[in-house]
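Subject: Handover of a structure and the findings from it

Dear colleague,

Please find below the structure that I am handing over to you. The findings follow directly after it.

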Amino acid sequence: MTYIAKPKLHHPSLVKNKAGYTRRDYEGAVSTLCAGCGHDSISAAIIQACYEIDILPHQVAKLSGIGCSSKSPTYFVGASHGFNTVHGRMPSVLTGANLANKDLMYMGVSGDGDSASIGFGQFAHSMRRGVNMTYIVMNNGVYGLTKGQFSATADKGSISKKGAANSDEAIDMVSVAIMMGATFVGRSFSGDKQQLVPLIKAAMMHKGAAFLDVISPCVAFNNHAGSTKSYDYVREHNEALNRIDVIEGREEITTEYAPGTTTMVQQHDGSILRLNKLGEDYDPSDKIAAMTRIQEGLRSGEVVTGLLYVDPTPKDLHHHLNTVDVPLNALNTPDLCPGTAALDRINASLR
Amino acid sequence: MKPTDIKNPDYFHKVVDCQWACPAHTPVPEYIRLIAHGHYSDAYMINWKSNVFPGILGRTCDRPCEPACRRGRVEDEKLVKGKKEPVAICRLKRVAADYKDDDSIAAKMPKAPAKNGKRVACIGGGPSSLTVARDLAVLGYEITIYDQDPKLGGFIRTQIPHFRLPEHVIDEEVGYITGIGNVAFRHQKVESMKAVLAEGYDAVFVGSGAPRGRDLDVPGRKEAAANIHIGLDWLSSVSFGHITKVGKRVIVLGGGNTAMDCCRTARRLGGDDVKVIVRSGFDEMKASPWEKEDAIGEDIPILNMLVPKEVKHEAGTIKGVLFEKVVAKYDDKGRRSLVPSGEPDEFHECDDVLVAIGQENAFPWIETDAGIEFDKWGLPKLNEATLQSTNKKVFFGGDAAFGPKNIIWAAAHGHEAAISIHKMLIGENVEERPGPGVTVLSQKMGIHEWSYDNAPTIDHRFKVPHRKKEEALKDIMAEVELGFDPKLAFEEAQRCLNCDVQTVFSGSLCIECDACVDICPMDCITFTPDGEEKELRTRLTAPAMNPTQDLYIGAGLKTERVMVKDEDVCLHCGLCAERCPTGAWDMRKYYMEMTHAEHACRKQ
């Protein structure tokens, strides 16, 4: 950990966004994670994304479980709501919070232990229900807090720091998310902010269950030769399918692109995702093709990254439950207890 | 871009902006840290070695270091609650002089060895001559200093009023030099260079200053001469007690530091209505901003854009000065000229006029056939590095060399001239200059421990306490500035960013995890594909907008990208090194000392 606070002095060119904040205003406390942890880079990417899309910090709720990754919400967007829940129970607490107040922007932060082991069921069900949230898994394939055992996302055959090979199959989080019904699914790498920041922005603007699997090397226990989640391994095997740009609703698109190099995906809120093709043709709105491509990647040992799947017209939990427009926590006594006359009317209708 | 060669001593020297800007290259951050730790004597000795007159300069230096100070670039007006201000480097130097342990300093002073049989004459007893004397006396040279005034010190003693620089400070620091031994003082005005050379000196150093004050040339000047004084001469007469009063209404002509000293001195000698009247605009005045502030603080108005036209007088008694009003006009090359504004002339009544409109070099005592050539401006033709004149035995320094500068330049010249004289007299090539002494040492003490206070403060610059105005104006010997006390000195010292503790990058150790990029409060680190400097500056984490500050390029990365660090705004907080998992970043203290005559054979 670091003993001195990050100095308040800043670069002279630092500018305020439309919400009236500088990027530095979206920071949290100084990280107590190990120096070089990928999670800190993801925190920095979240800070950058929130700044770029002019988020009002008090309208964000950050929820997390237990683990290194789940400590990280302390290190970004300090002026927002936060809930550090029980191990593996972040999804249900987030679902409850979302039901009570749908006006907040929900960000679930979890790790491979929290989401792929103890909270695997919770993770799957929150995707199934289509909770409107951005669910980020900081995935390092290892239990760092307990000194480096394989986690459920460690690849079969990868070697631990002590030299043991992993004999179990790995859980592929993006495959599970797509299968369970998430409507925005991407994978990225903590060491590639150019790809990661726009993905986080797009996920936060997506009105449905958005899931990001971010490979985040554990410098202390999983950054050696033989690991498949090290900086070097991911850089060598990273197969980026696309890079996205997020174009907010009212902005006019003036740049022209050579045909076949970009695809535009219009989202429900009017925002547009511009997909810049990197090599092969890939259509992220085709669910089956997406599943196939991911499986091919697993077979050939590629780390397939980018926006993997998006449903441009998602439906969320509140839509399924047909709730009222007003957030439930804003309903007052006359709304909730309409009185004897109303009760009599309901009873009469049931007789 | 080419990877940065950090083995070149200039690279890290330039990052220490204050040291780079100082003509004598004093290791500023090092002595400021020593002051913060209360090691005043050690801080004093660092200064003494480098600039010879810490107590004097700590009160009077022109402070080229302060405009260069990094804090002036990185402070945020809202956070520090005031405008961007450099560290009070100059006044901290005085703290070292004020609180040092005089006995331990005396014990640390060098003593002259046995005479080496060579004799050197120094003409003029000012700072450049004294520096030459100090650097050469410790090598066994026999030094003779000539000066027309009864005490050594030159302009330091005659031109700077004692309310700014008490005489005991001059006595003390001159005493450290004469105390070395082998330094003789001859109270004698030199009238002939050839006569000096005829005395058989092995080398002659001319540090005679720029002693001639420019005169006013307007109608009435001669008739009212009794009440019109040349500022330089007047200050000198005040200093030696020959002049003790002045008229009630005084006009000071000129906008330089001499004018500021004249007007403040006049206030103390009976001048109730003292004003400074300047040809130029207020901002273009040559006086240092803080000297103007001090003058204004003593109720001295500064009137601008007025050119003296005529001195009005009646029966040999001065009545006042008539001024023409002017405006500044700039031609297409940006050159300024002052043209009459067409408004009616202004008349200002007065009893005395002090003329401080500039000073000039004058060498009437150097014969044309002494082998010393002069240029068309009347300045000696010199080798700029060695300060050697066309007569190989004769060297120049201080204001005598390139025209009026200041004390710190005089000390720097003195060091260089001493090196030249020593090299010449031991038969080495004078033009081969010695390189500086450099040590670079890691400051890491433990996993998160550094040997310096790395957390930058957001305190605004602390003000030096002043004596009450009523008291100060009553007594010409009462020093106006009281100096920082140890507590204020500590707080001001903490504002120093320790720019000499350098960020050193080793590409071969880097795993490109971005930890340093993410933590850097100034966004000055970027990992990116290489490019040309101009284009690279635009695509960094934050644009590098100051082309006078270098980009540190680190290579040897696995991805073949480069690490680019913009030195401009780095706080030297060390967070990059603290967050680095592999030690690819390290904070290393760069200590650079200029080489003086003692080690003149050190190779570059």
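Does B:A96 count as buried or exposed, and how many C-beta neighbours does it have inside 10 Å? The model is a predicted one, and in it B:A96 has 26 C-beta neighbours inside 10 Å. Because a residue with 20 or more such neighbours is classed as buried, B:A96 counts as buried.

This alanine belongs to helix α9 of chain B, which covers residues 89-99. Leaving aside residues up to four places away in sequence, B:A96 touches B:Y31, B:I35, B:Y40, B:A43, B:Y44, B:N47 and B:P54. B:F402 is 306 residues from B:A96 along the chain, and the C-alpha atoms of the two are separated by 31 Å.

As general background, nonpolar side chains in soluble globular proteins tend to be buried together.

Turning to chain A as a whole, its secondary structure consists of 12 helices and 13 strands. Its radius of gyration is 21 Å, close to the 20 Å given by the globule rule for 351 residues, so chain A is as compact as a globular protein of that length. The C-alpha trace of chain A spans about 75 × 50 × 50 Å along its principal axes. Of its 351 residues, 48% count as buried. Among the contacts in chain A between residues at least 6 apart in sequence, 73% join residues at least 24 apart.

Helix α3 of chain A (residues 90-100) shows how burial is arranged along one element. Its buried residues are A:M90, A:P91, A:L94, A:T95, A:A97 and A:N98. Seen down the axis of α3(A), these residues fall within an arc of 165 degrees, so they line one face of the helix. A:G96 and A:A100, on the other side of α3(A), are exposed. The buried residues of α3(A) are covered by elements of chain A including β1 (60-64), β3 (105-111), α4 (112-116), α5 (120-129), β4 (133-139) and α10 (317-321).

The contact between the two chains takes 23 residues from chain A and 32 residues from chain B. On the chain A side, α1 (38-52) and α8 (231-237) each supply at least two residues, and the largest share, 4 residues, comes from α1(A). By class, this side of chain A has 10 nonpolar, 8 polar and 5 charged residues.

Finally, chain B is divided into domain 1 (109-211 + 361-425) and domain 2 (213-358). The C-alpha centres of these two domains of chain B lie 32 Å apart. Their contact takes 6 residues from domain 1 and 9 residues from domain 2. The side of domain 1 that touches domain 2 divides into 3 nonpolar, 2 polar and 1 charged residues.

With kind regards

Methods:
Residues numbered from 1 in each chain as written. Chains lettered and ligands numbered in written order. Predicted model: local features only at pLDDT ≥ 70, side-chain atom pairs only at ≥ 80, totals over all residues. Domains from an automatic or database assignment. Contact = placed C-beta atoms within 7 Å. Nonpolar A, V, L, I, M, F, W, Y, C, P; charged D, E, K, R; others polar. Buried ≥ 20, exposed ≤ 12 C-beta atoms within 10 Å, placed from the backbone. Arc of directions from axis to C-beta. Rg over C-alpha atoms; globule rule 2.2 N^0.38 Å.
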